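Hi,

Here is the structure I promised to pass on.

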Amino acid sequence: MKNLSRRNFVKNVSLVTAATATFSTAEASVAKELFVHHVYFWLKNPNSEADKAKLLEGLEKLSKVPTIRMVHIGSPASTNRSVIERGYAVSWLCFFDNLEEEEIYQKHPIHLKFVEDYSHLWEKVIVYDSIGPVRK
């Protein structure tokens, strides 16, 4: 085993301490829970491709709210089982780090403008919000 001078020993301990502190800080910043916000839209004119395109345009704008971690915009899949609801036109699924981030989204000017500009397109909206631990 190599003999360390006092100076090298202190330097090595300092490096290990700094690396441990950096790892602990990074680990603490990783979200331990996930808030999921899933919205289903039924259009007033369900056969209107123009209305659907307009709603999709609005959702693309809405996806710019900074507290959203990930977003998915979808349409009913072609799956066909008795438990599957396929009557909606568009689904909006987004993920937040926590409830507080989702509440910021709800009050954000982009969200408020989305509701103001596009709510005339839908006749029904159903929202499913859930929260739970992050899983790999």
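This is a predicted model: local features need pLDDT of at least 70, side-chain atom pairs count only at pLDDT 80 or more; totals for chains, interfaces and linings use all residues.

Residues are numbered from 1 along each chain as its sequence is written, and side-chain values use heavy atoms, with hydrogens and water left out.

The protein chain has four helices and four strands (DSSP runs, H or I of at least four residues for helices, E of at least two for strands, numbered from the N terminus). Read from the N terminus, the order is α-β-α-β-β-α-α-β. Of the 136 residues, 29% are buried (under 20% relative accessible area; exposed is over 50%, and partly exposed lies in between, with a 1.4 Å probe and protein chains only).

Now to α2, residues 49–62: its 14 residues reach 20 Å from first C-alpha to last, close to the 20 Å expected at 1.5 Å a residue (that is, 1.5 Å times one less than the number of residues). Its buried residues are Asp51, Lys52, Leu55, Gly58, Leu59 and Leu62. They sit on the same side of α2 because they cover an arc of only 120° around the axis (taken from the directions from the helix axis to the C-beta atoms). Glu49 and Ala50 are exposed, on the face turned away from that buried side.

What lies over the buried residues of α2? The cover includes β1 (33–43), β2 (70–74), β3 (90–96), α3 (99–107), α4 (109–118) and β4 (122–133).

Cheers

How values were computed
Contact means heavy atoms within 4.5 Å.
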